[in-house]
Structure formats: C-alpha cells, structure tokens
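Here is a short briefing on a two-part structure. Take a look at it, then read the points below.

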Amino acid sequence: MLYKDTMKKNTFYLFTGCMALVLLALFWYSVELHTPLLIEVAFIIGILIVYLARRTVTDIIEDERSAKITEEAAVRTFQVFWVGFCALSIGVVMEILYIPSFPRERSAIRPPEILPPRMLGYLQLVLLCLMIFTYVGFRIYYARKYGDWEIDEE
Amino acid sequence: MKNKIKVFRAMHDLTQEDLAQATGVTRQTILAIEKGKYVPSLDLAFKISRHFNVNVEEVFQYSDSVRTVDVD
C-alpha cells in the first residue's frame, strides 16, 4: 500500500486498522516479554507511518470544518487534562518531598517511599483514559455543534 | 452569518456534492454552512462566491444578532 504514490480514503482507513492490529499484537508481545521499549518504539514508528500514509490520500479526509472540530476538541481536552494531570502529579510530588521534621522518636523516621512501577502504571492508565474519554466527549460535542449529524433534505 | 448558498445552488442546478468538490470541502461542510451550523473561513466564502460568479456579500450576509461587542 505504501509503495504507491497515492491512496484512496477507504484504503487509508483499512491501512490504519491493520496498523492498529499490528500495534496491539506488539503490545501483547512486549507485555509477554516484559520489554516496554518494544511497544514504545513501535508506537512512535506506527504513528509516523500512518501520518506519512495520510499525506498520500487523494480524497478529502479533513477539510476546514473537521480541522476546526479537531482543534476545538484538542484545546478543550488540554484545558481539562492539565488540571487532572497536575492534581495527580502534585500528590506524587508531595510523596517524594516528604521529609519528617524534628522527629521525637527514631522510629518516626521512615525512608522516602518510591511509587512502585505497578502503581505508576495504574496512574498512567487513569490519565490516559481521562485524556481519551475527554477528547472523544469534546469531539462528539463539537461535531454536533458544527453540524456533523445534520439531516439532509436533498 | 446568513447565506444564500441553497438559492444559488438551485439557480446553478448544483448538488451539495458538486459544490463541495468544486470548493475542496466535504458535502457535510456545505450542509453545515447552509444550515447555519458552521461559519466558513474567508477563503472558503470567497471560493463559494467565486464559483457562483458573484460577490461574497451576495452569498453571505453578516447578521448583527450573532454577536455584539462593546467597544467602550
């Protein structure tokens, strides 16, 4: 598909779906091998390939209205996400900054706790879900606002 | 922003799809503009009016009721 100079819209969607499946398989494989670097590198390469493939599409995928919907949804998502991200980050930063002041007993001194990787994973999952659901929600809202589901009388 | 795209389309016997292809947007965008759900950019407004061989003011009319800004 990629060796052609141009691509149709439906071919691009099919290609993107195949790429998503490959990434899902690689994700599973990297979980099995316990090597996060594999899926991280594959994800970046996969997204780059999709962006490059998108440039070869000849039909219209995105015009100014859909670009505006994407833009508005992205800005609103950022506005919501940074608040959630900062709130969670403040909690984690507070943990690393915890220093007991003037302990009366020696037993009161405890070593600083480092967030275990599994907990960090859950935290990232929550943030990722927050970002995705917020974006999808705003996208639906702005798509509706700018007439995506208007009924045509033609 | 009001517009007479539908009227001009009827005069030129054009479908939404024809106009969309001629101006490089999707049919849904033409529909959204006609319904007043989306205000086109200046670039697209000029493209549409040029396609009908008229001035942009003949196709699009600015309506004061949309938004009023107090200068003072």
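**Chains and their helices**

Read along the sequence, chain A runs α-α-α-α. That is four helices and zero strands. The model is predicted. Chain B follows another pattern, β-α-α-α-α-α-β.

**Each chain in numbers**

- Chain A has 154 residues, and 5% of them count as buried.
- In chain A, residues 24 or more positions apart account for 68% of the contacts with a separation of 6 or more.
- Chain B has five helices and two strands.
- Chain B has 72 residues, of which 31% count as buried.
- Take the contacts in chain B between residues at least 6 apart in sequence: 52% of them join residues at least 24 apart.

**Where the chains touch**

- How many residues does the contact take from chain B and from chain A? Chain B gives 14 residues and chain A gives ten residues.
- On the chain B side, the largest share comes from α3(B), with four residues.
- The residues on that side of chain B divide into five nonpolar, seven polar and two charged.

**Two helices that cross in chain B**

- Two packed helices are described by the angle between their axes and the distance between the axes.
- In chain B, helix α2 (residues 16-23) and helix α3 (residues 27-34) have axes that come within 8 Å and cross at roughly 110 degrees.
- Angles of 65 to 115 degrees count as roughly perpendicular, so α2(B) is roughly perpendicular to α3(B).
- From α2(B), the contact is made by Gln16(B), Glu17(B), Leu19(B) and Ala20(B).
- From α3(B), the contact is made by Arg27(B), Thr29(B), Ile30(B) and Leu31(B).
- The residues of this contact of α2(B) with α3(B) divide into four nonpolar, two polar and two charged.

**The largest nonpolar core**

- In soluble globular proteins, nonpolar side chains tend to be buried together.
- The largest nonpolar core here has 19 residues.
- Which residues have the most contacts inside this core? They are Ile30(B) and Ile48(B).
- The elements giving two or more residues to the core come from both chains: α3 (64-96) and α4 (117-145) of chain A, with α3 and α4 (42-51) of chain B.
- α3(B) gives the most to this core, with four residues.
- Leaving out residues up to four places away in sequence, Ile48(B) touches Ile5(B), Thr23(B) and Val59(B).

Definitions and conventions
Residues numbered from 1 in each chain as written. Chains lettered and ligands numbered in written order. Predicted model: local features only at pLDDT ≥ 70, side-chain atom pairs only at ≥ 80, totals over all residues. Axes fitted to C-alpha atoms, helices over the stretch in contact; angles between N-to-C directions. Parallel < 35°, antiparallel > 145°, perpendicular 65-115°, else oblique. Contact = placed C-beta atoms within 7 Å. Nonpolar A, V, L, I, M, F, W, Y, C, P; charged D, E, K, R; others polar. Buried ≥ 20, exposed ≤ 12 C-beta atoms within 10 Å, placed from the backbone. Core = buried A, V, L, I, M, F, W, Y, C linked by C-beta atoms within 7 Å.
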